[in-house]
Amino acid sequence: MRNAPTILHLDMDAFFAQAEQASKPSLRGKAVVVGGLGPRGVVATASYEARVFGVHSAMPMAQARRLAPNAAYLVPRFAFYRSISEQVMALLRALSPLVEPLSLDEAFVDLEAGEAAWDRDSARLAGVRLRTDIRAVTGLTGSVGLASCKMLAKIASEEAKPDGLVLIEPGTERQLLGPMPVRTLPGVGPATGDHLRRAGITTVDEIAEAGEDELVRLLGKAHGHALHAMALARDDRPVVAERETKSVSVEDTYDVDIHDRVRVGLEVQRLADRCVRRLREAGLSGRTIVLKVRRYDFSTLTRSETLRGPTDDPAVIREAAARLLDSVDTTGGVRLLGVGVSGLADFTQEDLFAQAAEARADESAAGPVEEPAAEESAPAHAAVHAEHQWRPGHDVRHAELGHGWVQGSGLGRVTVRFETPESEPGRVRTFRTDDPRLAPADPLPLVRRRPGEDEEAEAAGGTRELSVAPDSGTE
């Protein structure tokens with residue numbers, strides 16, 4: 001434990017939903033839910049306006065629609081969110097070399113390691129400046145927690161939400177934690193919480209009072225020991241810089257089980273191509289190709305093949321994934337498919353292109369393979385294309401009307417609202433899905449940089465700030 005609150009935890013506020021509201025003026029101040037829109041979809045993020053109705057992340061989308069029928073329901077745009085995340089993480093790395101990302105929108109920062117803070121006042125100033133910089137660069141808000149350890153910094157950022165800053169003074173940790181519910185502590189989920197409640201333990205103070213021996217008896221040695229230490233505000237975990245990527249993978253869950261074997265094969269090829277794009281974006285290659293198949297009965301199978309050396313060749317990865325699929329029975333239907341690459345390296349073995357040729361030669365030597373007729377495979381390919389073409393929330397451009405986003409599609413029609421992050425709420429138009437004037441588009445930046453903008457943002461950056469101090473509680 002430190003003597004100064006120099007561990008910072010940043011958590012962007014309702015990140016996916018906030019990014020969608022920022023890019024779509026007509027949705028600002030309204031309930032927005034981002035996630036899978038099919039009958040099996042779940043909520044990824046809900047805006048604070050949607051949370052008023054009880055919608056929260058990981059909730060089945062069908063339940064969310066019942067609670068908030070008038071909310072805007074959008075498909076995630078992960079590439080867009082990653083681009084914003086990269087901007088935020090760059091700001092964090094400017095503060096310190098020790099940045100530990102937990103997800104696209106959340107990270108710990110050791111301010112001491114970067115000499116960005118050494119006491120209460122300097123830590124508070126670093127947090128205020130970070131929030132101002134994030135707003136100036138991305139147009140979005142994030143909440144900041146500052147404390148002497150990681151556990152308390154994360155609790156502080158949760159208390160700060162939305163768009164706030166909470167600083168926990170060293171020496172006040174027990175006072176702050178005591179009355180909080182046991183679920184506040186990391187590692188206490190619903191099952192552990194219920195187990196403690198049945199033992200008469202509902203607050204952090206009661207965990208501390210129960211003693212380590214009792215907690216070990218209730219929860220086991222490792223969990224009981226760790227939980228007792230956290231209840232006493234003891235957390236010596238260091239901020240660990242971003243760990244090396246061990247694998248790259250992509251997967252899709254389908255609203256309706258896929259029974260057609262040709263369609264399954266096409267989906268695997270598409271996932272392999274997406275996986276290759278991620279590999280190349282990261283400057284990586286890999287030796288082991290992994291196929292994941294979740295069948296109609298929720299049974300999940302994984303198959304893998306290890307190559308002679310690392311590759312990022314799409315032909316090699318596609319063919320390896322196809323061979324793995326040959327060993328899986330998909331007769332009853334498939335609800336999820338995934339393709340991944342592990343055994344990563346930052347180089348590609350140049351002669352691996354030969355593996356694809358060798359595989360094809362082996363197949364030829366074994367005899368002719370019956371291919372599906374073109375007229376049979378074309379509809380499946382068309383179905384894949386149509387499924388991913390006009391997705392609610394995704395960007396489009398009209399040859400005459402300019403930039404917009406898809407509000408919905410069906411029955412051969414697509415509805416588009418034409419607006420940009422800097423415009424007023426735009427008008428809505430409906431087109432045929434095959435209208436040649438309409439095409440998918442890249443997202444527009446949320447903030448257009450202008451000369452002198454940084455100074456303006458700093459002057460206007462006075463958002464709500466909280467601080468937990470020994471004698472004043474919350475300011």
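These exercises work through one predicted model, from the whole chain down to single residues.

Residues are numbered from 1 along each chain as its sequence is written, and side-chain values use heavy atoms, with hydrogens and water left out. Because the model is predicted, local features need pLDDT of at least 70 and side-chain atom pairs count only at pLDDT 80 or more, while totals for chains, interfaces and linings use all residues.

**Exercise 1. The chain**

Task: State how many helices and strands there are in the chain, and what share of its residues count as buried.

Solution. 
Step 1. Helices (H or I, at least four residues) and strands (E, at least two) are DSSP runs, numbered from the N terminus. The chain has 16 helices and 19 strands.
Step 2. Buried means under 20% relative accessible area, exposed over 50%, and partly exposed in between (1.4 Å probe, protein chains only). Of the 475 residues, 47% count as buried.
Step 3. A contact means heavy atoms within 4.5 Å. Of the contacts between residues at least 6 apart in sequence, 64% join residues at least 24 apart.

**Exercise 2. Helix α1 and its cover**

Task: Find how many residues of helix α1 (residues 15-23) are buried, and what covers them.

Solution. 
Step 1. Nine of the nine residues of α1 are buried. Among them are Phe15, Phe16 and Ala17, and also the charged residue Glu20.
Step 2. The cover of these buried residues includes the strands β1 (7-12), β2 (32-35), β3 (43-46) and β4 (72-74), together with the helices α2 (48-51) and α4 (78-95).
Step 3. In the loop between β1 and α1 sits Ala14. Its phi is near 40°, a positive value in a residue other than glycine. Ala14 is buried, with a relative accessible area of 8%.

**Exercise 3. Two partners of α4**

Task: Describe how α4 packs against α1 and against α5.

Solution. 
Step 1. Two packed helices are described by the angle between their axes and the distance between the axes. Axes are lines fitted to C-alpha atoms, for helices over the stretch in contact, and angles run from 0 to 180 degrees between N-to-C directions.
Step 2. The axes of α1 and α4 come within 11 Å and cross at roughly 95°. Angles under 35 degrees count as roughly parallel, over 145 as roughly antiparallel, 65 to 115 as roughly perpendicular and the rest as oblique. α1 and α4 are therefore roughly perpendicular to each other.
Step 3. On the α1 side the contact is made by Phe15, Phe16, Ala19, Glu20 and Ser23, and on the α4 side by Phe78, Phe80, Tyr81, Ile84 and Ser85. These residues divide into seven nonpolar, two polar and one charged. Here Ala, Val, Leu, Ile, Met, Phe, Trp, Tyr, Cys and Pro count as nonpolar, Asp, Glu, Lys and Arg as charged, and the others, Gly among them, as polar.
Step 4. α4 and helix α5 (residues 120-138) pack at an angle of about 145°, with axes 10 Å apart. Their crossing is right-handed (left-handed if the near helix is turned anticlockwise from the far one by less than a right angle, right-handed if clockwise).
Step 5. Ile84, Gln87, Val88, Leu91, Leu92 and Leu95 of α4 meet Leu130, Asp133, Ile134, Val137 and Thr138 of α5. This contact has eight nonpolar, two polar and one charged residue.

**Exercise 4. Helices α12 and α13**

Task: Classify the packing of α12 (residues 261-281) and α13 (residues 314-326).

Solution. 
Step 1. Their axes come within 9 Å and cross at roughly 140°. The two helices are therefore oblique to each other, and the crossing is right-handed.
Step 2. The contact includes Val264, Val268 and Ala272 of α12 and Ile317, Ala321 and Leu325 of α13. Its residues divide into ten nonpolar, two polar and five charged.
Step 3. Arg274 also lies in α12. Not counting residues up to four places away in sequence, Arg274 touches Val250, Glu251 and Asp252.

**Exercise 5. Details in loops**

Solution. 
Step 1. Pro162 is in the loop between α6 (150-160) and β8 (165-167).
Step 2. Asp163 lies in that loop too, with a positive phi of about 55° although it is not a glycine.
Step 3. A polar atom of its side chain lies 2.9 Å from the backbone nitrogen of Arg437.

Technical notes. Polar contact = N/O pair within 3.5 Å; in protein donor to acceptor, adjacent residues only side chain to side chain.
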